[in-house]
Amino acid sequence: MAERLGEEGLMRELASGFRLLMDPARGLITFDSLRRSAPLLGLGAMSDDDLRGMLAEGDFDGDGALSEMEFCVLMLRLSPELMDGPRRWLDDAVAQASQFLFTS
């Protein structure tokens with residue numbers, strides 16, 4: 001997916017996903033906003049405890065909700081294949097830089 005979208009496209013998609021799930025009044029993904037969106041995501045059968053666990057897994061600042069940054073980090077952690085393309089781009093750039101540095 002990252003290869004197809006590129007870095008900026010991937011970040012736009014993650015930001016769109018965040019906006020879809022967030023509570024517009026708070027600008028965060030809250031338990032209530034996640035519960036409301038769960039059926040759209042195919043998660044309607046999940047228990048409240050499971051949804052709270054999902055929030056807790058990405059809630060780095062402990063406020064009980066996910067900021068856009070926390071959401072993006074969580075999505076990348078849960079879907080490491082999203083980073084395969086960027087990882088290859090970085091490896092290629094490092095290889096090219098190394099070749100330039102050691103052959104010049």
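Let's start with confidence, since this is a predicted model. Among the elements of the protein, helix H2 (residues 31–37) comes out with the highest mean pLDDT, at 93. At the other end sits helix H5 (residues 84–103), whose mean pLDDT of 61 is the lowest. For the protein as a whole, the mean pLDDT is 80, and 69% of the residues reach 70 or more.

Now find helix H3 (residues 48–58) and helix H4 (residues 68–78). These two pack with their axes 8 Å apart, at an angle of about 100 degrees. Angles of 65 to 115 degrees count as roughly perpendicular, so that's how H3 lies relative to H4. Which residues make the contact? From H3 come Met54, Glu57 and Gly58, and from H4 come Glu70, Leu74, Arg77 and Leu78.

Next, have a look at the largest pocket, which holds about 150 Å³ of space. Its lining is made up of Leu21, Ile29, Leu34, Leu41, Leu43, Met54, Leu55, Leu66, Phe71, Leu74 and Met75. What kind of residues are these, nonpolar, polar or charged? The lining has eleven nonpolar residues, no polar ones and no charged ones.

H4 gives the most, with three residues. Two names also turn up in both places: Met54 and Leu74 belong to the contact of H3 with H4, and they line the largest pocket as well.

Conventions. Residues are numbered from 1 along each chain as its sequence is written. This is a predicted model: local features need pLDDT of at least 70, side-chain atom pairs count only at pLDDT 80 or more; totals for chains, interfaces and linings use all residues. Side-chain values use heavy atoms; hydrogens and water are left out. Axes are lines fitted to C-alpha atoms, for helices over the stretch in contact, and angles run from 0 to 180 degrees between N-to-C directions. Helices (H or I, at least four residues) and strands (E, at least two) are DSSP runs, numbered from the N terminus. Angles under 35 degrees count as roughly parallel, over 145 as roughly antiparallel, 65 to 115 as roughly perpendicular and the rest as oblique. Contact means heavy atoms within 4.5 Å. pLDDT is the predictor's confidence in each residue, from 0 to 100. On a 1 Å grid over the protein atoms alone, a cavity is a set of points where a 1.4 Å probe fits but cannot get out, and a pocket is an open set with protein on both sides within 12 Å along at least five of seven lines; lining residues have an atom within 4 Å of a point. Grid points are joined across faces, edges and corners, and a volume is the space filled by probe spheres set on the points. Ala, Val, Leu, Ile, Met, Phe, Trp, Tyr, Cys and Pro count as nonpolar, Asp, Glu, Lys and Arg as charged, and the others, Gly among them, as polar.
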